Structures are given as C-alpha cells and as structure tokens.
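Hello,

Here is the structure we talked about handing over. Please open it alongside this message.

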Amino acid sequence: MATEESASVMDDYEMLISTTDVELLKRAWRNEKAAPEILQFESSLVQRIKEQIELAEQNEEIFEANNIEPLTVSLYQMDLDRTQFLLRSYLRVRLQKIEKYLFYVLKTDEYLNRLSKQEQMFARRCTDYLGSHLDETVLAKLPDNYRSILKQSITSEEDDMVPAPRLDTFVICKAKQYLSGLDFEPEYSMEITEMERDLLTFVCYKFVKKPLENGKIDLV
C-alpha cells in the first residue's frame, strides 16, 4: 500500500514538473541574462514553478517514510535542485538589473510595468534608502545647484545622471521559426529583412526586440 502511495505521488509530481515548464524557465533565464534591458516578469510561469517546488519538498518525507530506492530519491532531488537553481538565478539576474538601472526603471512606465509587485517594492525601497544615504553623506555638502540625484546640475534639461539600458548592444539569437521583415520593427527594415529558423545570428538587440517580446526568438 505504501509503495502504491509513493508511486502515485511520484506520478503526480512528474505531471507537474513538466519538461515544458522547466524549459520555459530555462528560456526565460537565458533571455534575461542576455538582454541588456529587463524583460517582462514571467508571473504565471514563476507561480507554477513555485507550486511544483513546494509539492516536491512535501513529497520528500513520503519517500523517506516508504523506503523508496535511494537512486530514485537522488534523481528526484537533483531535479528539484536544478529547478530551484534556475528560479533563483532568474530572479537574481532581474534584481541585478533593477539595481543597475534603478532610477531609470522607476521613472519609465514601460519598465516599471514589467516588474512583479515584489520587484516594484524592492526598487522603491532601494530608491528611498539610496536617496537618504546620498543626502546625508554627499548631497547636503554640495552647493544647492548640485544636490539632485538625477541631474548633474539644476540647469540640466534631462536626467543625465540616470543610466539607461544600452539597446544598441549586440546579442546572439536564434529564431524559433522563419521570420520575415514584418516580424521586425518597420524602422529597422533596412537593417534586417529576414531570419532563418535555428540559425545563430549576431545582431543589434534593438533590431530583434519585437520578435523576442513575441516569443519568436531566443537569446543565447
């Protein structure tokens, strides 16, 4: 009876830890690492992965209690560890980008809307803490015209102290299907007119930004 219960638990877990979800997480992680800007947060995928991890951790006690073959448990644990690593690395890469482009992200609705609620809270707390620290240690000691965190001086027309993502960075990508000129932004139609499926291409990121967002290419 115990063996049947353990087998049932393993079957349920294998259905939840699907290759599709693991591959989707791996794809999101690779794209996030390679893209010069922060991408849309994969909320549904992350939620599914978290539920799968929670189920796996709950099942460990069942396996131990029913004396499941050590090799099977070890493989199960390896799969769990791999999924946890991917999830943590995905979230860590995003936090690093938020820290790097903190003020730019918060002042740009497009980027702010790409963050999860937790990431938005993190960004705002970082801004508050950093602003307070700079005010106390540096800005308060400068002339009034130079006390802005965002501008070099009060005469600056733009926020010239705020670094923005470099969309002209070159990346390596691979199309998941044949792409024609219609799949790219019209303003870049002279630079890139097509892309063959599964062919590695070295290209300026801003040229492939649209098909990346539409899930038609992967960054490498």
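This is a predicted model: local features need pLDDT of at least 70, side-chain atom pairs count only at pLDDT 80 or more; totals for chains, interfaces and linings use all residues.

Residues are numbered from 1 along each chain as its sequence is written, and side-chain values use heavy atoms, without hydrogens and water.

The whole structure contains five aromatic pairs (rings of Phe, Tyr and Trp, the last by its six-membered ring, with centres within 6.5 Å; planes under 30 degrees apart are stacked, over 60 edge-to-face, the rest tilted). One of them is tilted because the rings of Tyr-104 and Tyr-111 have planes at 55 degrees, with centres 5.7 Å apart. Tyr-104 has 23% relative accessibility, so it counts as partly exposed, while Tyr-111, at 5%, counts as buried (buried is under 20% relative accessible area, exposed over 50%, partly exposed in between; 1.4 Å probe, protein chains only).

Tyr-188 and Phe-207 also form a tilted pair, with centres 4.9 Å apart and planes at 50 degrees. This pair links distant parts of the chain, 19 residues apart: Tyr-188 lies in the loop between β1 (170–175) and β2 (200–204), and Phe-207 in helix α8 (residues 205–213). Helices (H or I, at least four residues) and strands (E, at least two) are DSSP runs, numbered from the N terminus. Both Tyr-188 and Phe-207 are buried. The buried residues of α8 also include Tyr-205 and Leu-212. After α8 comes Gly-215, with a positive phi near 75 degrees.

Regards
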